[in-house]
Every structure is written in C-alpha cells, then in structure tokens.
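Please read them with the structure open beside you.

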Amino acid sequence: MSKVKKIFAREILDSRGNPTVEVEILTDDEQSAFASVPSGQTTGSKEAVELRDTDADRYDGMGVLKAIENIDKQILPAVVGLDPLSQQELDQTLLDLDKTEHKSVLGANATLAVSLACCRLASQIKKIPLYQYIQQLLGWEQPFSSPTPMFNIINGGQHADNKLSFQEFMAVPTKPTTFKEKVREGTEIYHRLKKILLSQALNTAVGDEGGFSPNISDNEEAIKLILQAGKVNIALDIAGVGNDEISFWQKLMAQYPIIGIEDPLRDDDWQGWQEMTKTFDGKVLLIGDDIFATNPQLLQQGIKEKVANAVIIKPNQIGTLSETLKFIKIAKDANYVMIVSHRSGETEDTFISDLAVGCGAKYIKAGAPARGERVNKYNRLLRIEEELQR
Ligand code: PGA
Ligand code: ZN
C-alpha cells in the first residue's frame, strides 16, 4: 500500500493572472500527482470560501499564501500516512479539520487542490485512466460516453467589458455525432463568427472564457450573430442578472433555438425559480448554477421544491471531490441533466474533462475553442474519445 508522505503546495497563476493553489502529492514509494484549482468571477452566495490573503501589498489582496500555509501546517500532518485510494477518508479528514459549513477555516481552494490531487494519484497507483477511476468512486458501471460541448463564443456580463448583460452566449452542436465532430463544428462557427464581427466593424477581442466580446449591448443581437455563423442550438448563462417575467423568456424561446437557460434568476429567488420550472420543464433546460453551488443539501431541497431540471457541477464551489460525487449521485437519481463546468479563471488542469466522462455528464462547459486553459479541456476529451474507440 502506498501512503501519503508529502504535499508540496504553491501559488501559481490562473488565466486572469490571479494567484491560485497548486499541490503535488507524493507517496512513500515515490509516486506523485498534481492538481490546481480554478476561480470564479460571478460566485454564488452559497459557494464554499475561496481563501484569499488580505495583504494588499501582494497581488492586491488576491494572494493565496494563507491557503498554502493551511495545507502545509494543518492538512499535511492530518493526511500523512493515508492511503490515496481512501478518497472518502481523506475528504472526511479535511471536513473534520475545517468544521465550518463553507470551509472558511482551511479555504475550499486548499481542500479541493488536495482532494483532486489525491484522486489523480490514486488513478495512477491503480494504473487506470482518471475518468475510469472516478466512475469506480461513484460505484457505477455504465459504458463511457463523451459530453456535448457548450461553446461559450460570445462573452458579456462580468466576463467582458462590453455592455451585454447576459454573461454567456453558448453554441451547442445539434447533431448526435462524435466529440471530435462537435469540436470541429463549434470551432468552425467560432471562426466564422470572427469574420462576421470583422465585416460589421465589431471588436473581436475576447473575454475571460475566450468568447468574443463585441461592443454591442443587445442580447438578442448576440444570439443573432451566432446563428448567422452556423446552424446551432443556443444556451445562455444569465448569471442571475435576468428578467423574472415569464413572458420575456417565452418570447425569446419562441424566436431562437434555445435549449438551455442557466441562472435566469438570482440564487435566493427560489419562488421565481419554481415558477419558471413549472412553466418550462420539458421545454428547455433550466440550469441551476449559483442556486445549488454543487452543494448536495441545496440540490436535495431544489428537487423537493421542483426547482430547475439541470445542474452545473463545479468542484470548487463545494471544495472536495467526495461532496461533488455525492451531488452528482443526487442529480442523476432525480434525472437532472448534468453539466460539468470550468470557471472563468482557469488553470492548465484538465480534471473536469475526466470528471465529465466519469460521471456520464450530458454536457461540458469549458469556454470557447480558444485560449490554452479552455482548449486543454477539449483536447483532453479528444484524447479520451480516441482511447475509448481503440
Ligand atoms: P464564473 O462564471 O466562473 O465566473 O462563476 C461561470 C458561470 O457562471 O457559469
Ligand atoms: Zn453560471
């Protein structure tokens, strides 16, 4: 049996140039694995705490040295000697150490980095692909399949400095084909969209998730531009700044091929969510991101109260892999459509690609088919698909 011997934790940079946590776990028999954590911009009020230093002299208070100190001084002594194959025991140790509801003592950035690195290390010890090990942790046996990408090709809201109020305008391939073909389709549309924007003298600079951020202010115009670039379905992330009038959404859905609406309402407007679900269930995916925050308890409440019919899965909203897997099991049992998602501040870690295949998520959100930290998620999925076809 391998045992955890050492954890090296360090500050690295995310795609926005903000510090984030990376760890490397080592065993007594010289095996090692790494993981790093992403960071959101429009974080929900129910998310686990991302611990940032208050020291304004370093990175304007965005440093994560405290989270790293917590790994060195608190987490390492508690997990040293543990078998990396005991994921639940490791995650429970983290919860017992922290003791708070939102991981405000250790920081969810500290706990998640250790949790994910442990999982990757265990898959290496077992000599199986990460996605396969994740499926084993879930206790499932279904055949593996690739998720459909939701390409965020126009950015607005807090992810861009234009006037679009909706945060994400996503192109979703329509044909039931391979992941490889869906990537080709999405990428061709992305490139055509750039030409269309240029032809209309619109800005082709990109936002945080690699989508274009043209200087327009009309959300419908953004949808039209995408549809001009290709025959695709549309998914939107409103990030809670939306309209609570049912008729507004009815009109939008009647005009455009919208298959999903994420966070149309604020994360505390449960009643509004219930009404929307009552009206639109069966017609469109009502995707709960900030309202559930990958929190098993909140999802259980949502299911009971008939809120949403699809969920965003972001491990850093909750802070351990085991709690993320618990959330996934609850979502699957209730037949909620699962969408594994990146954050707007990303790293080169592709854990979410394996997570999406391991849990059989129907969709993945990893931004535009552009920028290294976005395409690495899609590229990992291309490799997995090819491996599965061998
Ligand atoms: P965030 O945005 O990572 O900035 O929270 C992504 C989302 O809202 O889905
Ligand atoms: Zn969202």
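**Notes on the model**

1. Start with one ion pair. Arginine 266 and aspartate 268 meet through their side chains in a salt bridge, 2.9 Å from N to O. The term means a side-chain nitrogen of Lys or Arg within 4 Å of a carboxyl oxygen of Asp or Glu. Aspartate 268 is partly exposed, with a relative accessible area of 47%. Buried means under 20% relative accessible area, exposed over 50%, and partly exposed in between (1.4 Å probe, protein chains only).

2. Some ground rules. This is a predicted model, in which local features need pLDDT of at least 70 and side-chain atom pairs count only at pLDDT 80 or more, while totals for chains, interfaces and linings use all residues. Residues are numbered from 1 along each chain as its sequence is written, chains are lettered from A and ligands numbered from 1 in the order in which they are written, and side-chain values use heavy atoms, with hydrogens and water left out.

3. Other salt bridges. The rule gives a count of 22 salt bridges. Glutamate 22 pairs with arginine 10, with the closest N and O atoms 2.6 Å apart. This pair links distant parts of the chain: glutamate 22 lies in strand S2 (residues 19-27) and arginine 10 in strand S1 (residues 4-13), twelve residues apart. Helices (H or I, at least four residues) and strands (E, at least two) are DSSP runs, numbered from the N terminus. Glutamate 22 is buried at 11% relative accessible area, whereas arginine 10 is partly exposed at 30%.

4. A buried pair. Lysine 377 and glutamate 346 form a salt bridge at 3.2 Å, N to O. Lysine 377 sits in helix H13 and glutamate 346 in the loop between S10 and H12, 31 residues apart. Both lysine 377 and glutamate 346 are buried. Elsewhere, salt bridges that share partners join Glu168, Asp237, Glu262 and Lys365 into one network.

5. Domains. The protein divides into domain 1 (4-127) and domain 2 (148-389); such bounds come from an automatic or database domain assignment. Their centres, taken over C-alpha atoms, are separated by 26 Å. Domain 1 gives 34 residues to the contact and domain 2 gives 29 residues. Contact here means heavy atoms within 4.5 Å.

6. How much area do domain 1 and domain 2 bury between them? The figure is about 2,700 Å², with 50% of it on carbon and sulfur atoms. Buried area is the accessible area (1.4 Å probe) that two parts lose on being put together, summed over both. Ser15, Thr42 and Lys46 supply 23% of what domain 1 buries against domain 2, more than any other three residues.

7. Bonds across the interface. Four salt bridges cross between domain 1 and domain 2. Glutamate 47 forms a salt bridge with arginine 343, with the closest N and O atoms 3.2 Å apart.

8. Threonine 347 deserves a look. It is in the loop between strand S10 (337-341) and helix H12 (351-359). Threonine 347 is buried, at 2% relative accessible area. Its side chain reaches the backbone nitrogen of aspartate 349 at 3.1 Å. Leaving out residues up to four places away in sequence, threonine 347 touches Ile12, Thr20, Ser36, Val37, Glu373, Asn376 and Lys377.

9. The helix that follows. In H12, nine of its nine residues are buried. Among them are Phe351, Leu355 and Cys359. Glycine 360 follows H12, and its phi is positive, near 70°.

10. Asparagine 295 counts as buried at 11% relative accessibility. The side chain of asparagine 295 reaches the backbone nitrogen of glutamine 297 at 2.9 Å. Asparagine 295 also touches Ile318 and Phe327, not counting residues up to four places away in sequence.

Notes. A polar contact is a pair of N or O atoms within 3.5 Å; within protein, one must be able to donate a hydrogen and the other to accept it, and residues adjacent in sequence count only if both atoms are side-chain atoms.
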